[in-house]
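Could you walk me through this structure while I have it open in my viewer? I'd like to know what to select next and what is there.

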Amino acid sequence: MSKESLEFTDKIVRIESEKDLPEAPISQGFTLVNKTGSWRNVRPLLKEQNAPCQNACPLKVWIQSFIDLLTRGKPEDAALEILKNNPFPLLTRRLCRAKCEIACNRKKYDAPISIRELEGFTGSIAYDKNIYPEREKPLSRKIAVTGNSESIMSAAYFAYLFGLDVDLYTTSPFDGLGLSEEEVEREISRLRNMGINIIAEGKKLEELLDKYDAVITDMGEVKDKLTFQTDNEKLYIVAPERKDFSRDLYFGKRAAKSVYQYLKGEPIEKDAPPPRSVSFNNIVTDYFEPEERIDTINTMQEAIQEGNRCFSCGHCNSCGNCYVFCPDAAISWINDLPVVDYDYCKGCGICVEECPRSVLILVPERG
Amino acid sequence: MSFKKVLTGNHAVSYGATSARVQVISAYPITPQTTIVELLSEIVAEGKLDAIFVNVESEHSAMSACIGASAAGARAFTATSAQGLALMHEMLHWAAGARLPIVMANVNRAMAPPWSIWTEQNDSLSQRDTGWMQFYVESNQEAYDYVILAYKVAEKVLLPAMLVLDAFVLSHTSEPVEIYDQDKVDEFLPPYEPKYAIEPGKPISYGALSKPDTYMEFRYKIQRSMEEAVKVIEEETAKFNEMFGRNYGIVEPYMMDDADYVIVSSGAMTSTVRAAVHEMREEGKKVGLLKMKTFRPFPFEKVREYLSGRKKVAVLDRNISFGHHGIFYEEIKSAMYSVEPRVPIHGYILGLGGRDVTKQDIKEIYDDLIKREEISEIIWKGVKL
């Protein structure tokens, strides 16, 4: 029942005798007239927070979100969420060091979520269905990306997503990682299908610098480990460290971002550290049951079962606790999310207390 | 068709609630009540009664759940005993104040400590001033009948009602009970139509603040409804008697027509008194019995009618108000204050904590009553001194 459909009538009831009163002590008019929100001195806010897995991930994949989408039965949306930050989920499934799982809050409860498996399995859906993440508005600027390393492949991928036109010069892509020919072919054909122009030859750097608006290469010494700039504003040198596969992919992403910022005429700034993540102490574990971790995920059923173990730290997965617990029915449920009606919310904080994943926070009222 | 079934008093109550088509049952187990809701839970689980059974963690919550259900317009039922009833105390006020026609079975059990599970009326009589109607039943048939009757009266006057039966003497003792044809029960007790019900589309607040300018009027209304309830009980009992072939009243006289001496009793021990009175009558003693079926509302008129002009009255109390005397005694004496000429009334305390009350006890009380010249307000019968 929406408030609009209720009839508001302010009526004055005069009690001259007991006959003017009902038998039961009930209000004569609507209680909605009394806007109890004015009593509040703190307000609950729905605020998405970072999860430790997300902060630990070099690529900053929004893990809570893709697991949430997956468990809601939207595997394609989940796959696209992954591809926004991870260009090669099928490779990370095997090669990533999965720092996310080391940081996972669930580890302190029973066992961490099988994030790497979930991400790989979910990512493969995009491969099977030939779907690609959305590209930003094309900038009409053309860059060359040259080299064979995973950082270069990643740079090409992200530069393209940023809206740049990309010519990728590569003679032996993913060199030195021990990938099978099928694996290389699978990834390269996806890059090609996205819209990246792949040229299987090497070119001299001077030539490229002449011809293109900017160049990213993995040949030469890395000058700036945070932005991969060089003294030449058109040239960006990036190289894998080969300590952490995902971190090497991140380097490519970062180099692409620097080029994008340069070509847009924006200042190139290093990435800010992520905001603090939700800690285990912020999770209301009473709402969870210990459940066995699924180490290997091969079916959608297994994926959803494992995904359901996720605390969804800092990310609203529409569990509805706040809606159920609000003693004043001041929380409406709109588009599967809680919406606080501040006309009636007294700021008691029960919703914040009962949010299992710390998405709701209390902030002081001003004035 | 109606049929007879051998039932314990507790199961008779369960059948009563089933015949009354209760919609929400919320209860917490306590001896000797437990088997009432135990059977009801089975009846609900088997789908023989379209009701919601709400498990709760205490009697306070059981009554709270009934209050919520009743406020939403459902016919709500619960059952308890002794400490459980005491724990409900706050919500008993709430149910009556909010004018919710909840019906509860209380199996009389002595209050602890010392622990006891046997019958005594102190638990229910302690709830005298909560605004609940109270009916004290004598047999398992009455236990069944009064669930149905209690709802009829409660829903008419918008006050909750408690039927009270004795621990073990009734609760766990089997007797044949006539279970009525459902169509006939439905005819007598149609579905509850709440005067005020919580509806999502029509928000009101229930039990909100009432300032000094209106609180007293709400209390006045409860008292008026209690007074009206006397008439409603008499009318509805008459209808019930006609439909189901019973002989109930707001109070029930036995061999009273020419009785010089009257013994006033309540609950299951009334059957013993009845047998003793019958035997004494055969011996030529002019003695009668007045059964206090209804305690709240107090049946002033009928009590005065039946006790006026008697030589002496003995009031039996399976309860005690410490520092005063038997509770029925004090109530009856107060009701008779305005009656001229003054009737000598003596109060006997007996059967506390489930101690047996025998025919011999009743005959001795009669002999004692005849001999007494001075009014003794508290006479202990059977206490080991």
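Predicted model: local features only at pLDDT ≥ 70, side-chain atom pairs only at ≥ 80, totals over all residues.
To set up the view, colour residues 3-244 of chain B as domain 1 and residues 252-380 as domain 2. Their centres, taken over C-alpha atoms, are 27 Å apart. The contact draws on 26 residues from domain 1 of chain B and 27 residues from domain 2 of chain B.

Seven salt bridges are found across the interface of domain 1 and domain 2 of chain B. For one of these contacts, zoom in on B:Glu138 and B:Arg274: their side chains form a salt bridge with an N to O distance of 2.6 Å. The two domains of chain B also share 17 residue pairs in polar contact, both residues at pLDDT 80 or more.

Now hide domain 2 and look at the face of domain 1 that touches it. Which elements of chain B each supply at least two residues to this side? Select helix 5 (122-125), strand 6 (133-136), helix 6 (140-157) and helix 8 (212-244) of chain B. Helix 8 of chain B gives the most, with five residues. By class, this side of domain 1 of chain B has 15 nonpolar, five polar and six charged residues.

Bring chain A back and move to where the chains meet. Chain A and chain B bury about 1700 Å² between them, with carbon and sulfur atoms giving 68% of the area. Select A:Glu18, A:Glu23 and A:Pro25: they supply 41% of the area that chain A buries against chain B, more than any other three residues. The contact as a whole takes 16 residues from chain A and 20 residues from chain B.

The side of chain A that touches chain B has 10 nonpolar, three polar and three charged residues.

For the last stop, turn to aromatic rings, which make 25 pairs over all chains. One to display is A:Tyr169 with A:Tyr212, an edge-to-face pair at 6.2 Å centre to centre with 80° between the planes. A:Tyr169 is in strand 3 (residues 165-169) of chain A and A:Tyr212 is in the loop between helix 9 (205-211) and strand 5 (214-217) of chain A, so the pair ties together parts 43 residues apart in sequence.

Conventions. Residues numbered from 1 in each chain as written. Chains lettered and ligands numbered in written order. Heavy atoms only, no water. Domains from an automatic or database assignment. Contact = heavy atoms within 4.5 Å. Salt bridge = Lys/Arg side-chain N within 4 Å of Asp/Glu carboxyl O. Polar contact = N/O pair within 3.5 Å; in protein donor to acceptor, adjacent residues only side chain to side chain. Helix = DSSP H or I, 4+ residues; strand = E, 2+ residues; numbered from the N terminus. Nonpolar A, V, L, I, M, F, W, Y, C, P; charged D, E, K, R; others polar. Phe/Tyr/Trp six-rings, centres within 6.5 Å; stacked < 30°, edge-to-face > 60°. Buried area = accessible area lost by both parts, 1.4 Å probe.
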